[in-house]
Amino acid sequence: MARVPILRVRDLLVATVQEDLRDSDAQALEVDLGLALERTEAAGVIIDVSVVEMVDSFLGRLLNDMAAQAKLLGAQTVVVGIQPAVAITLVELGLELRGIRTALDIDRGFTLVRQLIRQERLRGTARAQ
Amino acid sequence: MTEMRNREQFTADNDQRAEMIAQQRRTISEMETPVIQVWPGILALPIVGSVDTMRAQQMNETLLDRIVATGSEIVLLDVTGVPVIDTSVSKHLLETVAAARLLGAEVLIVGLSTRTALTLVQLGLDLTGVTTRATMAKGLELAFGRLGLEVVPRRRLSVDPEAAEL
């Protein structure tokens with residue numbers, strides 16, 4: 001499988017996973033995302049996993065890691081379009097992914113990530129005063 | 001010879017009974033998990049009776065499918081009709097909350113009685129991160145708030161514009 005494209009939309013990065021990820025592709029995504037964040041200084045990341053039908057603990061953990069990594073680089077991450085079967089699997093694996101924010105679809109994902117960015121900025125200005 | 005026939009009869013009866021039980025189980029499971037859309041964006045799932053693993057799994061699947069199908073952001077999980085909430089039931093409930101959250105929906109648990117609340121506290125169950133309300137009405141109010149909606153009494157129509165001002 002080819003690599004996951006990471007698109008820049010205004011001040012956001014959008015990664016749309018095209019099909020079920022192999023471990024190596026997932027790892028490549030993590031690295032690519034880190035590099036893209038560094039290069040673009042994006043304020044938010046949206047990861048669309050709506051076509052992913054199968055997950056294992058590795059991918060679950062990786063999603064968590066990517067969100068944590070983005071946070072360290074000053075970006076808010078929203079994972080969108082998790083399928084019901086995937087959600088059930090993740091919960092059964094004990095991976096509740098409390099560190100990541102989620103939305104039903106990419107449209108709501110944009111709304112949520114905007115909201116998170118605004119909150120973060122407000123927190124920043126509050127601290128400065 | 002008779003014994004063999006008897007045994008055949010017995011097996012046939014048994015099969016029939018098993019079939020009947022399976023059918024009844026299907027009927028019950030169809031009845032037991034209605035997911036109701038109470039408002040665009042708000043689903044309600046009233047649970048009546050005890051929750052075992054099989055039922056919880058089925059409930060979970062139905063709910064998650066409906067969340068995706070209707071694009072709902074809030075689910076009101078009503079536990080008024082659940083007689084006892086023990087460790088295993090609450091584990092199932094928490095799984096539902098976690099799975100729905102992964103999809104991007106928030107689950108509010110409503111209809112907790114005082115006794116249930118006390119039991120949960122005494123069992124030392126961790127419900128942090130789960131929003132709960134005592135009644136369905138309170139939950140619905142909160143859900144409206146989350147969606148930026150407000151329920152206000154309709155202003156009475158009046159011919160007198162000054163009275164309308166008041």
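View 1. Helix H2 (residues 57–72) of chain A lies across strand E3 (44–48) and strand E4 (76–80) of chain A, at about 155° to E4(A). Contact denotes heavy atoms within 4.5 Å; helices (H or I, at least four residues) and strands (E, at least two) are DSSP runs numbered from the N terminus. Axes are lines fitted to C-alpha atoms, for helices over the stretch in contact, and angles between N-to-C directions run from 0 to 180 degrees. The model is predicted: local features need pLDDT of at least 70 and side-chain atom pairs pLDDT 80 or more, whereas totals for chains, interfaces and linings use all residues. Residues are numbered from 1 along each chain as its sequence is written, chains are lettered from A and ligands numbered from 1 in the order in which they are written, and side-chain values use heavy atoms, without hydrogens and water.

**View 2. The open sheet of chain A.** Five strands of chain A are ordered E1-E2-E3-E4-E5 with mixed pairing, where a pair requires at least two DSSP bridges. Strand E1 (6–9) and E5 of chain A are the edge strands, each pairing on one side only. Neighbouring strands are turned by 25° against each other on average, direction ignored. E1(A) runs antiparallel to strand E2 (residues 12–16) of chain A, to which four bridges join it; A:Val9 stands opposite A:Leu12 of E2(A).

View 3. Strand E3 (residues 74–81) and strand E4 (residues 106–110) of chain B run parallel, joined by five bridges, and B:Leu76 has B:Leu108 in E4(B) as its bridge partner.

**View 4. Lining of the largest pocket.** Among the 24 lining residues, A:Arg101, A:Leu112, B:Glu73, B:Gly104 and B:Glu106 lie nearest the centre of the largest pocket. A pocket is an open set of points on a 1 Å grid over the protein atoms alone, where a 1.4 Å probe fits, with protein on both sides within 12 Å along at least five of seven lines; lining residues have an atom within 4 Å of a point. H4(A) gives the most to this lining, with six residues.
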